[in-house]
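Here is a short briefing to read alongside the model. It goes through the sheets, the pockets and a few ring contacts in turn.

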Amino acid sequence: MGARLEDLVSGAMVRGLVTGVPVRIVGVRWSGSAVLDVSYRTADGSTGNRLVYRDDEPSLEMVESGQAWSFESDGSLFRLAAEARRLRLAHLFDPYLAVSTSSVDPLPHQITAVYEAMLPQQPLRFLLADDPGAGKTIMAGLLIRELQIRSDLRRCLIVAPGALVEQWQQEMKDKFGLGFDILTRESAAAAANPFQESDLLLARLDMLSRDERLQGQLLATDWDLIVFDEAHRLSARLQLGEVHRTKRRVLAERARHLTRHFLLLTATPHNGKEEDFQLFLSLLDPDLFEGHQRTAAELAEPTPETGGLIRRLMKESLVKLDGSPLFPARHAHMVE
């Protein structure tokens, strides 16, 4: 038996007013004794109105849903949902949340690199080229963790020289709680596409650059962030007006189109040849290097045109939290 028009009161849950879904009544107005003007709200928050007649009563059904707000559910589940929501919004109240949730005490230059130079760029195309010992792995880990917290990163690929992938894996696990898998010959052979098996993946640079089959599988995937460590190995040379690319360089050019964020790490970005340096930087933005060449100062200084593509600090600029030098002063001695 259907519901009567008199049962349609504010707060009631009714099935039959909208096809297929129950709605909650938010207001009613009678027109005589046989017609009711009903205002309702659906589960997704949208509202509507409908005239309901006595002839519609057989198609209406009251839904037994209890009170609109009750305390009958499992309290532990509510607490879990509330905690998940709190963590999702935590970065709005703690702008350095990745620092707070990681096992690192970052130095001032590491904070500025992540939170002032890289995070504001959306999407990110960046070369982090601080001197050796600056902790570029830590800066990359902070960036990855912060992007995760802000729901801007689910899939991340780090490409590093073969001897460094285990070190990367250990650093990410111990300092940031990030469980990166390492792409091996065995894991590549066991999966239809190994790049779809893990959201956090480490790959060896030469293994990937020399295997066209693996690159074909990589091209079938997409990522939120791709990081190239020791990026000076992604070289290209200009000879007689023609660009000569290595296999590593070709890999990087292919990979940059698969990701929203693209980060290069190296302590030696410049080999002394300005033409090669400009070619190297074209990995970040090929269009920017058409026409006149940009100087390192132009690229490091954020402008509407460049956005700030490079951050390079020398050892003399690196300090501890108390302001003391991180490294001892370097002195050149002339030998007669």
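Which strand gives the most to the lining of the second largest pocket? That is strand S2 (residues 21-31), with four residues. This is a predicted model, in which local features need pLDDT of at least 70, side-chain atom pairs count only at pLDDT 80 or more, and totals for chains, interfaces and linings use all residues. Residues are numbered from 1 along each chain as its sequence is written, and side-chain values use heavy atoms, with hydrogens and water left out.

**Pockets**

- A pocket here is an open set of points on a 1 Å grid over the protein atoms alone, where a 1.4 Å probe fits and protein lies on both sides within 12 Å along at least five of seven lines; lining residues have an atom within 4 Å of a point.
- A volume is the space filled by probe spheres set on the points, which are joined across faces, edges and corners.
- The second largest pocket holds about 180 Å³, and its lining consists of Met-13, Val-21, Pro-22, Val-23, Arg-24, Arg-41, Thr-42 and Ala-43.
- By class, that lining has five nonpolar, one polar and two charged residues, where Ala, Val, Leu, Ile, Met, Phe, Trp, Tyr, Cys and Pro count as nonpolar, Asp, Glu, Lys and Arg as charged, and the others, Gly among them, as polar.
- The largest pocket has a volume of about 210 Å³.
- Of the 15 residues lining the largest pocket, Lys-136, Thr-137, Leu-164, Asp-229 and Glu-230 lie nearest its centre.
- Helix H4 (136-149) and helix H5 (165-176) each give at least two residues to the lining of the largest pocket, which divides into five nonpolar, seven polar and three charged residues.

**Sheets**

- Helices (H or I, at least four residues) and strands (E, at least two) are DSSP runs numbered from the N terminus, and two strands pair if DSSP finds at least two bridges between them.
- Seven strands form an open sheet with parallel pairing, in the order S8-S9-S7-S10-S13-S6-S14.
- Strand S8 (181-182) and strand S14 (310-311) are at its edges with a single partner strand each, so one side of each has no neighbour in the sheet.
- Strand S6 (residues 125-128) runs parallel to S14 and is joined to it by two bridges, with Leu-127 opposite Ile-310 in S14.
- Five strands form an open sheet with antiparallel pairing, in the order S4-S3-S2-S1-S5.
- Strand S1 (residues 13-18) pairs with S5 in the antiparallel sense over two bridges, and Val-14 stands opposite Met-62 in S5.

**Ring contacts**

- Two aromatic pairs turn up in a search of the whole structure; rings of Phe, Tyr and Trp (its six-membered ring) pair if their centres lie within 6.5 Å, with planes under 30 degrees apart counted as stacked, over 60 as edge-to-face and the rest as tilted.
- The Tyr-96 and Tyr-115 rings are edge-to-face, because their planes are at 75°, with centres 4.7 Å apart.
- Tyr-96 is partly exposed at 39% relative accessible area, whereas Tyr-115 is buried at 12% (buried means under 20%, exposed over 50%, partly exposed in between, with a 1.4 Å probe and protein chains only).
- Phe-228 and Phe-262 are also edge-to-face, at 5.9 Å centre to centre and 70° between the planes.
- Phe-228 lies in strand S10 (residues 223-228) and Phe-262 in strand S13 (residues 259-265), so this pair ties together parts 34 residues apart in sequence.
- Both Phe-228 and Phe-262 are buried.
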